[in-house]
Amino acid sequence: MVLSKTASETDVSIHSTFASRYVRNSLPRFKMPENSIPKEAAFQIINDELMLDGNPRLNLASFVTTWMEPECNKLIMDAINKNYVDMDEYPVTTELQNRCVNMIAHLFNAPLGESEAAVGVGTVGSSEAIMLAGLAFKRKWQNKRKAEGKPYDKPNIVTGANVQVCWEKFARYFEVELKEVKLREGYYVMDPAKAVELVDENTICVAAILGSTLNGEFEDVKLLNDLLVEKNKETGWDTPIHVDAASGGFIAPFLYPELEWDFRLPLVKSINVSGHKYGLVYAGIGWVIWRSKDDLPEELIFHINYLGADQPTFTLNFSKGSSQVIAQYYQLIRLGHEGYKNVMENCHENAMVLKEGLEKTGRFNIVSKDDGVPLVAFSLKDKKRHDEFEISEMLRRYGWIVPAYTMPADAQHITVLRVVIREDFSRTLAERLVLDIQKVVHELDALPAKLNARLATEKQEQVKNGTVKKTAIETQREITAYWKKYVTERKSNNKTQIC
């Protein structure tokens with residue numbers, strides 16, 4: 001007699017996951033479930049939801065690396081369970097980080113002796129790196145003011161209005177006044193002359209951006225350094241410079257080696273760079289390098305011994321994975337100067353292909369520069385019927401994620417679209433994107449311009465009623481504000497439906 005066994009409700013080992021009850025029963029979303037579920041079901045449920053995410057390689061909003069070689073992927077997975085902070089337990093990983101710091105310091109022309117070790121640290125990204133650099137500037141400024149018997153309670157930092165939000169976070173979290181140089185139409189980076197005008201005795205540093213998030217442009221660090229040298233001589237101050245090279249730090253040394261922006265300039269005391277951008281590593285790695293030991297106050301460095309040995313540490317967080325440090329070392333030795341140069345040249349050439357394709361349509365103004373981070377920022381020439389926000393939204397139908405945004409003060413009436421060219425964005429994709437943008441523009445041309453028609457009617461009513469006539473810039477700002485609100489509401493409604 002053959003005995004048969006009836007499978008329990010929770011046993012899916014003999015069933016397809018899709019034949020089990022777990023795909024038809026709803027799981028709690030915001031509370032931990034009472035009972036366990038099989039690993040196959042958990043994997044399938046999560047994997048199914050993640051299919052609704054965008055394709056990372058078509059996410060042209062992001063500067064962050066989305067492709068690495070299989071050999072590096074294996075190294076990452078093999079080290080996924082190593083906590084980097086356990087330096088005594090993982091001495092080789094610590095040594096790899098130190099090698100990366102020294103390689104990057106030499107890349108940035110740090111004034112190091114033959115056997116002198118560079119001063120720097122790996123972080124989870126440029127945001128943490130900037131926090132650490134800012135704290136070093138603040139503490140050094142405070143120490144000097146205390147020694148001189150002067151007030152040290154009102155530090156400030158000078159930046160352009162185009163800085164990434166992490167600078168605003170630093171200023172707010174660590175109680176430093178942020179003095180911003182406003183932008184203007186046609187000039188979307190910090191003006192060095194205006195920046196130096198804002199410097200006073202309480203300025204802990206001036207932050208220059210090597211690769212603006214808005215249009216990829218490099219700020220003129222050399223001019224800033226020269227102007228600041230003169231001001232320091234006149235005033236007796238010693239205001240330094242920090243270079244935020246999050247995007248451009250791994251580009252300039254290979255595409256523009258003669259450009260002076262780094263430690264070749266005497267006032268540049270620290271530099272941050274994102275390994276997970278054009279350092280070509282997946283998200284989760286940044287670096288901050290100091291010119292010398294004198295630029296990093298010793299009291300900011302902590303020493304611990306409860307992991308087995310004395311370990312110096314200067315980070316905002318404690319535990320972090322080792323994988324990205326190892327991946328950065330892989331890229332540095334795998335590619336070398338030759339490989340990085342080839343990658344950056346490819347990115348630049350594909351950016352030019354995209355730029356020229358957009359120019360040929362006759363519909364767009366190019367806002368970005370040819371030199372700088374390989375990206376293309378562009379805006380519509382004629383906005384009477386439709387807007388950049390509409391183009392951004394409709395491109396998602398083709399899988400592309402292309403952001404539309406307004407410029408900071410005082411150029412907030414300018415709206416642009418931006419495409420970041422990464423290592424894995426080929427010429428074929430560039431040409432395909434141009435075709436899809438043309439399709440979207442033609443589709444929009446065939447639609448009624450509801451928004452602008454309404455605004456035109458409102459404007460006519462205002463004129464008829466004797467109210468003040470709006471300028472072209474005011475009208476454009478109103479259109480931009482309306483579309484920002486419209487897109488935000490659409491996104492909020494979608495999130496509400498999903499929740």
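## Ground rules

Residue numbers start from 1 along each chain, following the sequence as written. Since we're looking at a prediction, local features need pLDDT of at least 70 and side-chain atom pairs count only at pLDDT 80 or more, while totals for chains, interfaces and linings use all residues; side-chain values rest on heavy atoms, with hydrogens and water left out.

## The whole protein

Of the 499 residues in the protein, 48% are buried. Here, buried stands for under 20% relative accessible area, exposed for over 50%, and partly exposed for anything in between (1.4 Å probe, protein chains only).

The accessible surface of the protein is about 25900 Å², and carbon and sulfur atoms hold 53% of that. Such areas come from the Shrake-Rupley method with a 1.4 Å probe, and for residues only the protein chains shown count as cover. As for contacts (heavy atoms within 4.5 Å), take those in the protein with a separation of 6 or more: 70% of them are between residues 24 or more positions apart.

## The seven-stranded sheet

Seven strands make up an open sheet with mixed pairing, in the order β1-β7-β6-β5-β4-β2-β3. Two strands count as paired if DSSP finds at least two bridges between them. The edges belong to β1 (119–123) and β3 (177–181); each has a single partner strand, so one side of each has no neighbour in the sheet. On average, neighbouring strands of this sheet are turned by 20 degrees against each other, direction ignored. Axes here are lines fitted to C-alpha atoms, for helices over the stretch in contact, and angles run from 0 to 180 degrees between N-to-C directions.

Zoom in on β5 (residues 241–244) and β6 (residues 268–274), and you'll find a parallel pairing over four bridges. Aspartate 244 sits opposite asparagine 272 in β6.

## Helices against the sheet

Helix α3 (residues 91–107) packs on the sheet and touches β1, β6 and β7. The direction of α3 makes about 60 degrees with that of β7. Helix α7 (residues 221–235), for its part, lies across β4, β5 and β6, and runs at about 170 degrees to β5.

## Salt bridges

A salt bridge here is a side-chain nitrogen of Lys or Arg within 4 Å of a carboxyl oxygen of Asp or Glu, and that rule gives a count of 21. One of them joins aspartate 295 to lysine 140, with the closest N and O atoms 3.3 Å apart. This pair ties together distant parts of the chain, 155 residues apart: aspartate 295 is in the loop between β7 (286–290) and β8 (302–304), and lysine 140 is in helix α4 (residues 126–147). Aspartate 295 is buried at 10% relative accessibility, whereas lysine 140 is partly exposed at 38%.

Helix α4 also supplies arginine 145, whose partner glutamate 201 is in the loop between α6 (192–198) and β4 (203–209), 56 residues apart. Glutamate 201 is partly exposed at 38%, but arginine 145 is buried at 6%. Elsewhere, shared partners join Arg57, Arg422 and Asp424 into one network of salt bridges.

Then there's glutamate 40 with lysine 39, at 3.6 Å between the closest N and O atoms. Glutamate 40 is partly exposed at 33% relative accessibility, and lysine 39 is exposed at 65%.

Technical notes
Helices (H or I, at least four residues) and strands (E, at least two) are DSSP runs, numbered from the N terminus.
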